[in-house]
Amino acid sequence: ASLLSTRGLIFQPKRFPIGVRGTASVHLSSHDENASDSFQSTRAKHLREELQRLEIDISSVELAAQSAAVGVEWSENGNFAKEAADFHGPSAIKAYRTYMKRTTPPEGTNRNSTGDNLDSNVLRDIRKTASTTAGQISFLGKRHRSHACEWVRHTDGAECERTTFPLTLVLDNLRSAQNVGSLFRTADACGVSEIITAGITARPGGPGALKLAKAALGADRTVPSRHFLSTAAAIRALRDEGHIRIIGMETTDLSVSYTRENLGSSEEPLYERARPGTVLVLGNEVTGVDTEVMKGLDALVEVPMYGVKNSLNVAAAAPIVLYEILRQWKVH
């Protein structure tokens, strides 16, 4: 399989040479009677196995680490070394070198033990650490290559103004701050004008704000929000502000498909775009939208379910409906 280079071009991965002259290559002998050497070589062996399991070219990692250790390029293999370093990136190579630096076995290790005959607890820790480190090397290398590709976007449009639409979300007693944070990100992406949190729902500057912020990744600062003690109070306030289309997202016998375009048998649109627009009410992860609240809504919509579960996670269902609204409004 071809891989992406740091310039965003396609190249075929090479088999990099091992044990380059002039390098500080890692000693991997598993026959040394010294416990320290046995410990190091066993760690190296298990890391190699884990890297191989993740389909990472082991020789290229070693060559890049050797290059970083010595700090020079060799006339014979300099191009290979540079290509290996560019491919994996400094963070992945640092993770590899940090793992390989530990050469001293835990205190009390039998100095006559070698290889996989080391103490079972020591071996277990080695395998666990090798697996974790291999995963880190894999992720950090992928992140490095992704960030190096000019055609992949990784930064927010800090200088851009948000495009907003007449859409409001009401969060009815959501129990998960992570779900609320995810909904803030969705709201930012879909141009939602405002999020209203009600009841126990986490909110910016209130209970659960830290967990919310971690999931929102800054969207809690870009999407305006306000809080009401109850969802009923929030609905009354929205009615007073002129909202004529307040829709609940809930799986009930009265719900219609979220793709429906007309309200009931009338020709009025289900999702009103004329300001102040449409309000979507999203309910608690377990109990859903309060049944008393549903009685005062203009319609109920649902996403069809074809499995045994009755509903999607609220943070997964919301973007489905929001993007359908934008599609019906012919937003491109």
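Predicted model: local features only at pLDDT ≥ 70, side-chain atom pairs only at ≥ 80, totals over all residues.
The crossing of helix 6 with helix 7 is right-handed. On the helix 6 side, the contact is made by Ala177, Gln178, Val180, Gly181, Ser182, Phe184 and Arg185, and helix 7 contributes Lys211, Leu212, Ala215 and Ala216. By class, the residues of this contact are six nonpolar, three polar and two charged.

Helix 6 also packs against helix 11, which spans residues 314-328; here the angle is about 15° and the axes are 9 Å apart. Because angles under 35 degrees count as roughly parallel, helix 6 is described as roughly parallel to helix 11. Helix 6 passes helix 11 with right-handed geometry. From helix 6, the residues in contact are Asn179, Ser182, Leu183, Thr186, Ala189 and Cys190. Helix 11 meets them with Val314, Ala315, Ala318, Pro319, Leu322, Tyr323 and Leu326. The contact of helix 6 with helix 11 holds ten nonpolar and three polar residues, and no charged ones. Ser182 is listed in the contact with helix 7 and also in the contact with helix 11.

Helix 4 (residues 90-101) and helix 5 (residues 120-148) have axes that come within 7 Å and cross at roughly 165°. An angle over 145 degrees counts as roughly antiparallel, so helix 4 and helix 5 are roughly antiparallel to each other. Their crossing is left-handed. Helix 4 takes part through Pro90, Ser91, Ala92, Ala95, Tyr96 and Tyr99. The residues of helix 5 in this contact are Ile126, Thr129, Ala130, Thr133, Gln136, Ile137, Leu140, Gly141, Arg143 and His144. Of the residues in the contact of helix 4 with helix 5, nine are nonpolar, six polar and one charged.

At least two lining residues come from helix 6, and at least two from helix 8 (219-222). The lining comprises seven nonpolar, five polar and six charged residues.

Glu55 is not a glycine, yet has a positive phi of about 60°. Glu55 sits in the loop between helix 1 (35-53) and helix 2 (58-70). The other feature is a cis peptide bond, from Arg275 to Pro276, with omega near 15°. Pro276 belongs to the loop that runs between strand 7 (256-257) and strand 8 (278-282).

Note on methods
Residues numbered from 1 in each chain as written. Heavy atoms only, no water. Left-handed = near helix turned anticlockwise from the far one by under 90°. Helix = DSSP H or I, 4+ residues; strand = E, 2+ residues; numbered from the N terminus. Contact = heavy atoms within 4.5 Å. Nonpolar A, V, L, I, M, F, W, Y, C, P; charged D, E, K, R; others polar. Axes fitted to C-alpha atoms, helices over the stretch in contact; angles between N-to-C directions. Parallel < 35°, antiparallel > 145°, perpendicular 65-115°, else oblique.
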